[in-house]
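Please look over the sequence and the model before reading on.

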Amino acid sequence: MKQLSKLLFAFIGLCSSSFAAGNDSSYVYSLDLNNVVDDKLTVNLAAPSINKDEINFFMPKIVPGTYELYDFGRFVSGFKAFDKKGNALPVTKTDTNTWLIKNAKTLDHISYNVEDTWDTKIKGKFVFEPGGTNIEAGKNFMLNTHGFFGYFEGMKFYPFQLNIHHPNGFYGSTPLVLAGKNGDDDVYSVENYVRLVDSPIMYCMPDTGIIHVGGAEVLISVYSPNKKVSGHFVAEKIKQMLDAQCKYLGGKLPVEKYAFLIYLTDHEGGSGASGALEHCYSSMYFLPEMNPDDIVQTIRDVASHEFFHIVTPLSIHSEEIGNFDFQNGKMSEHLWMYEGVTEYSAAHMQVKYGLIDLETYLGKIREKMYAMEQFKDDLPFTEMSKGCLDQYNSQYGNVYQKGALIGLCLDVKLRVLSDGKYGIQDLMKDLAKTYGKNRSFKDDELFDAITKLTYPEIGDFLKRYVSGKEPLPFKEIFNAVGIDYVDKIDAQGISFGGVNIGFNPATQRLVVVGTDKMDDFGREIGYKENDELVKFNGKKVTIDNAKDVISHFIQTAKVGDKLKVEVMRTDENGKMKKVKLKAKVHLVDVSQKYFLKPSPTASEKQLRIRKSWIGPLN
C-alpha cells in the first residue's frame, strides 16, 4: 500500500428475499446495492455444506498490502444463521472478527449487515480509504471485497460466487471478468477467498478508458464527483507511462486484465491522507479531486508504484503471502523487495525511458534520503519487516524510503558486477521464473536464491545492508555510475520559512502541515500549523502556481526585502479568519544534504554503467 501523507501533491432474484442456490462446495454471496439502509448493505450467503457440528465464520483481521490490523468484523452487525427451513441457528460472537455457528451441519444460509468504513463512527483504527469501503447510495460503492465477505474456518480455498444487483446505469469496474449478466444483475466467480480479497469492485456511473499494453487490457475507471477528471483523460495521460513499464518488464505483462480504480474526493477523508492499495490485478486509489493537469503527475507517481506489484507479490512471494492468514497475519521479512524494490522501480522506469530527466530523478533520490532520516537507520530491514505490525509499526514508512534506496544500491551493484549486462530488472524476471504465481519461497531461503542467481558479492550486500545494521554505501554506489555525492554542504541563503506544505482539497488551498523544521525566518513570519496560504507578496497562491511563486521569491529576494504572507487561520472559536504575516528577509542556514550531481570527469567505464542503469538519454 502506498500512502501519501498530506502532501502536494447474482443474476437471479437479488431484489427478493430468496437466496441463490449454492452447491456443496462453493460460497454464493448476494448483495443488493439498491437497498441501502442507515448507510449499510445486507450481505446474504448461501453456504457450502458444513461437515462439523459447529464452525467459525471469519471476517478478516488483516488483509494483504495494508500492514495494519483493521478488524473488519467490527463493521458487521445483525449476524444470523439459518437452516433450510428458515429456523435460526445458535450463533455466538466470540471476538471482533469471529462468529461461532452451532448445529452447523444443518446450516443453509447466513445474513448480516455491513457499514462502510469511510464515514463510520465505529471505534478503532481508521481504515486508510483505499483499503476500506464506501457506501454512497445512488452515487458510488467502493467494494473492497474483504470489507463485505467472509469465510468459514478451514474453507478458505473453496470457490466463491458474487451476485450483485446494482442501480440502473451503474457499471462495476473490477479486474474480474463477468461470469454472467442479466440487466442490472452481475455475476462474478473466483477460485478462492485469496483471489476474492484481491479483487475490488467500484460501482458508479461509468467513466472509463481502456488501454491495451503488453498483451493485457488495462481498465482505467474514475469517479470524480464534480466531473473534473475523466477516465478517458487519465488513460491518455498514463499510456506513455504504462508503455514504459511494459518495456521495463520485458515487453509482455504477466496478466490478461488489469484495473485502475480511482476515487477522487472533493473533501478531506477520515484518514487525512491520500494514496492507493495494491492488488495483483488491480489497484484502488483515493486522491484529491484537483484540476486535471495537476493530478496527472500524482496519479503517475502512485500508479507506477502500484502497477509494478503485478511482479511482486503476484509472481514473487513468500509463504506468508501465498497462504495469507487473514486472522493472524504473519509478515515476511522481505518488505525491502515487496515495497522497496517496487517503489524504486516506479521512479527508475521513468528516468530510464525518458519520462523524467536525470536532474528530476536525482531530486527524487535526495527526497528519499531526507525522508529516511526520520526512521532508525541501524534497525535491520528484515527485522523491521517482520515486526511492522506491532513492535516496529512506526518504522513501516521506511519501506518507501530506505527500501527504495536498497533497490537502487542493489541495481547499481548488479550492473557493476556484470559490466552493465544485468540489473534488478533481470533479477526480478529470474526470480519470477524460479517461483511464479503458484510457488512461494521460504523467507530464510530468498537471499541464498538471489545469490545463486547472481554473485557472491550480492549475498554479502544483502547480509550487510538488508539483514545487517550497516548504513547503505551511497558514496561507493554513486561513484560507480559517475555521480558525485557529498553528505552535506554548509551554506546560507534565503528561504520562505522552512515549513512543510500540503493541500486541503476542501478549500483548494495549500496548508502548513508541519513546523518541526521551521527556520528562523519562518518563526519571524509567524507560521502556525494548519495555516492555509492565500497570498504571497500580494500574489494569490494556488496549487497550480505555488512552485513558481515560491521559487521566484527565493531566487530574486534580497536581504532587507519584505515578505508578506496572507493566510486563513482557525481561531479559538473554530472559525477561519484572514491573518496577515510579514518579516524582513535575512539569510538562514540552508545547508544542502545529499548533494548529487553528474561528475564532469566520469570515466568511460562509469559512463557505460550509468548508461546501463538509467538509459542512453542520461
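The sections below treat strands, a charged surface patch and salt bridges in turn.

## Basis of the description

The structure is a predicted model, in which local features need pLDDT of at least 70, side-chain atom pairs count only at pLDDT 80 or more, and totals for chains, interfaces and linings use all residues. Residues are numbered from 1 along each chain as its sequence is written, and side-chain values use heavy atoms, with hydrogens and water left out.

Strands here are DSSP runs of E with at least two residues, and helices are runs of H or I with at least four, both numbered from the N terminus. Two strands count as paired if DSSP finds at least two bridges between them. In general, strands of a sheet pair through backbone hydrogen bonds, either parallel or antiparallel.

Phe 57 stands opposite Trp 99 in β7.

## A hairpin and a positive patch

Strands β28 and β29 form a hairpin with five residues between them, and Gly 574 in the turn has a positive phi of about 85 degrees. Nine bridges pair the two strands in the antiparallel sense. Met 568 stands opposite Lys 578 in β29.

A positive surface patch consists of Lys 535, Lys 540, Lys 562, Lys 564, Lys 580, Lys 582 and Lys 584. Patches are made of residues with over 30% relative accessible area and no salt bridge, like charges being joined within 9 Å and nonpolar side chains (Val, Leu, Ile, Met, Phe, Trp, Tyr) within 5 Å. Lys and Arg count as positive, and the charge of Lys is placed at NZ. Both β28 (562-570) and β29 (576-584) supply at least two residues of the patch; the largest share, three residues, comes from β29. Lys 564 lies in β28 and is partly exposed, because its relative accessibility is 48%; the term covers values between buried (under 20% relative accessible area) and exposed (over 50%), with a 1.4 Å probe and protein chains only.

## Salt bridges

Side chains of opposite charge can pair when their charged atoms come close. With a salt bridge defined as a side-chain nitrogen of Lys or Arg within 4 Å of a carboxyl oxygen of Asp or Glu, the count comes to 20. One of these joins Asp 53 to Lys 105, with the closest N and O atoms 3.8 Å apart. The pair links distant parts of the chain, 52 residues apart: Asp 53 is in the loop between β3 (40-46) and β4, and Lys 105 is in the loop between β7 and β8 (107-115). Both Asp 53 and Lys 105 are exposed.

Arg 608 and Asp 419 meet in a salt bridge at 3.0 Å, N to O. Here too distant parts of the chain are linked, 189 residues apart: Arg 608 belongs to helix α15 (residues 604-614), while Asp 419 is in the loop between α8 (402-417) and α9 (424-434). Arg 608 is partly exposed at 37% relative accessibility, and Asp 419 is partly exposed at 30%.

The side chains of Asp 186 and Lys 181 meet at 2.8 Å, N to O. Asp 186 is buried, with a relative accessible area of 2%, whereas Lys 181 is partly exposed at 47%. Finally, Asp 460, Arg 464 and Glu 470 are linked in a network of salt bridges.

Note on methods:
Areas by Shrake-Rupley, 256 points an atom, 1.4 Å probe, with all protein chains shown as cover.
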